[in-house]
Amino acid sequence: MKAAWDKVVDQMIEIKNLHVKVVGNKILKGLNLTIPSGEVHSIMGPNGSGKSTLAQVIAGNEAFEVTEGSIEYDGQDLLELDPAERAALGIFLAFQYPVEISGVSNMQFINAAYNSQRKYRGDEEADPIAFLKLVKEKCKLVKMNDKLLSRSVNEGFSGGEKKRHEIFQMAMLAPKLAMLDETDSGLDIDALRIVADGVNSMREDGRSFLVITHYQRLLDYIVPDVVHVLYDGRIVKSGGKELALQLEERGYAWVEQEASAIAN
Amino acid sequence: MTATTPSIEELANQQYKYGFVSDIEADSAPPGLSEDIVRFISKKKNEPKWLLDWRLKAYRHWLTMSEPDWQFAKYPPINYQDIIYYSAPKSTSDGPKSLDEVDPDLLETYKKLGIPLEEQKMLAGVAVDAVFDSVSVATTFKKKLADLGIVFGSFSDAVQSHPELIKQYLGSIVPYSDNYFATLNSAVFTDGSFVYIPKGVRCPMELSTYFRINAANTGQFERTLIIADEGSYVSYLEGCTAPMRDENQLHAAVVELVALKDARIKYSTIQNWYPGDENGKGGIYNFVTKRGKCADDNAHISWTQVETGSAITWKYPSCILQGDNSVGEFYSVALTNNYQKADTGTKMIHIGRNTKSTIISKGISAGHGQNAYRGLVRMLKGAENARNYTQCDSMLIGQDCGAHTFPYIDVKNPSATVEHEATTSKIAEDQLFYCKQRGINEEDAVSLIVNGFCKEVFKELPMEFAVEATKLLSISLEGSVG
């Protein structure tokens, strides 16, 4: 096992004592998490433990209220930035439930996103021909039929098409911190492999991943450096990829018991 | 987390981008309305007696009418004696022969509006009959059109040059007694556009008119008449912007379209008159009567409108489908922000056999805006196998706006088919967040989503107009989301 926390590396994101409420309910209760640059971390945990909340908060969803704690991203205070700014600085979330936008083609959408981010960073708008080339290349990477590009954003897409379209956008936008929120749910094994191949091809120095999943199955394909267990709003256990296997075999009960033993 | 999101107030405080008044000497009538004023206008226009008589008949009829109050958008009473019914830029009294003779201030005004009257438009292949206040001051491409026998110019000119066509068709679609505002228009209309496309001619360019209200307190009473003779085709564009002012201004135009056998008229409008400020002060009252008649078999009339301006918009571009197999279409986007109100829709009157109509209406309400769709589909006894499809979608942005739908259906022929679909949706927070997460800022995201919502209508617009419409929608939506 590669002990990620022993290495001296730059931190991509450092979350300290994060408390989050949504419509009055406390979801995250003092979460600490650090992801070094270039690593793949996986978050597992039972339903309702706060996995998706964590991803939404990092992305900046204003429906979630941060009551305490800090998130430092690439040396900046992330909580000061609005969602579009965070995106432009390299934060990407592959949604668990991608949203449909009627009348806006996927091509139009990715073009708006791509160029908005460039504009924010002070770059010129992309050359349309170079952009088109990039689109084709990334379509190929995630084996997405380019006919999908002229259809409305996620409208009438199958579950698999939606997830692949998320990974396509991720490939296009080349984020520094990519979060995948249960991207594996609803995927058959072939689609899972395609999604994983897309992610793996993007693994590189200077890019980190946060992979949220229920099942260790995905982690056979996207092998994480570190696995964290999120339980009741806190990270209660971290380990190497074999932790995922243990969870698969034994469920979460033993982690819960361990956690409450520590808490008491 | 919202520290960097601009507030509604900041965004709403942005000035109307096209608000300014150009300083051109006007040759105006005194305010007020009387038979003398009607005679004054007719004399100024050097009109034949029959036209003066028609105006007077309308005026006398108007005196017997009362202002309608059934519409959804209420407004304070209008004092018709405060309105100036005639105002013309002085420099045109002799009639300019070329752009060199046009008041440079006027050209400057057009430039500010981004209306390229000269080269750009010509390069784009668009002939422009520019209506500034009440008199046409410049007409381009006239020769090329004249070679094809097409008449395209100001209504006043047409009265002189083609009195027989005017006499035959004026008031044939919208009679002088039609409704309060159309009747007022019939009495005091000052100018407008006239188009005649001869038999079998396909007009080779989009005909475009820019209307603009300028001199303070001048109500505009435009009169437009388009006649497409057998087998002809014309696409006509009407686009408007207006300068900023405090008082409400009445605009009561009448547009009549006549499509003869196998003829096709495509009429597109972008309406962007001053909508009033963020508190609902000022703005144009846009009370327009637009109607077309498919007078003979296989005729086709298509209305496309993008209505983003005016304090109150009240209009129903309609089609009378008289000829067998004739087709009527209405594609509409109406956007109301701040305190704007729109009551708009269409009437499709099916008279002939196998007549077909399509209505696609997209209403967007933001701020305190109120948007009503009001439509009538009538299938008369002879409308054997007639068909109508109506789709009426509303989108709400924010908590304080409203959308209303008043569809009227009247079917007298059992073989006719009428379909009506309606939806109301909200811009969802999850859609906005999805866009923002991809790096698209809030304003751009709203504009993207709304443009997507309007896509079915925009695709009916000529290309350059579609681009303008997209921009206009974004400008009009500024500050609609906090």
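This is a working chat about a predicted model of a complex with chains A and B.

User: What should I know about numbering and cut-offs before we start?
Analyst: Residues count from 1 along each chain as its sequence is written, and chains are lettered from A and ligands numbered from 1 in the order written. The model is predicted, with local features needing pLDDT of at least 70 and side-chain atom pairs pLDDT 80 or more, while totals for chains, interfaces and linings use all residues.

User: What ipTM and pTM does the predictor give the complex?
Analyst: An ipTM of 0.93 and a pTM of 0.77.

User: How many residues of chain A are in contact with chain B?
Analyst: 28 residues of chain A are in contact with 22 residues of chain B. Contact means that the C-beta atoms of two residues, placed from the backbone, lie within 7 Å.

User: Which elements of chain A give two or more residues to that side?
Analyst: Helix H2 (83-88), strand E7 (101-105) and helix H3 (106-120) of chain A. Helices (H or I, at least four residues) and strands (E, at least two) are DSSP runs, numbered from the N terminus.

User: And by class?
Analyst: The side of chain A that touches chain B has 17 nonpolar, seven polar and four charged residues. Ala, Val, Leu, Ile, Met, Phe, Trp, Tyr, Cys and Pro count as nonpolar, Asp, Glu, Lys and Arg as charged, and the others, Gly among them, as polar.

User: Switching to confidence. What does chain B average?
Analyst: Chain B averages a pLDDT of 80, and 78% of its residues score at least 70. pLDDT is the predictor's confidence in each residue, from 0 to 100.

User: What follows H1(A)?
Analyst: Gly60(A), with a positive phi near 100 degrees.

User: Is Val159(B) buried or exposed?
Analyst: Val159(B) is buried, because 21 other C-beta atoms lie within 10 Å. Val159(B) is in helix H7 (residues 155-161) of chain B.

User: What does Val159(B) touch?
Analyst: Leaving out residues up to four places away in sequence, Val159(B) touches Lys45(B), Glu47(B), Leu51(B) and Ile166(B). Asn46(B) is 113 residues from Val159(B) in sequence, yet their C-alpha atoms are 9.1 Å apart.

User: At what angle do H11(B) and H13(B) pack?
Analyst: Helix H11 (residues 442-453) of chain B and helix H13 (residues 463-477) of chain B pack at about 130 degrees, with axes 9 Å apart. Axes are lines fitted to C-alpha atoms, for helices over the stretch in contact, and angles run from 0 to 180 degrees between N-to-C directions.

User: Which residues make the contact?
Analyst: Val446(B), Ser447(B), Val450(B) and Asn451(B) of H11(B), and Thr470(B), Leu473(B), Ser474(B) and Leu477(B) of H13(B). By class, that is four nonpolar, four polar and no charged residues.

Note on methods:
Buried ≥ 20, exposed ≤ 12 C-beta atoms within 10 Å, placed from the backbone.
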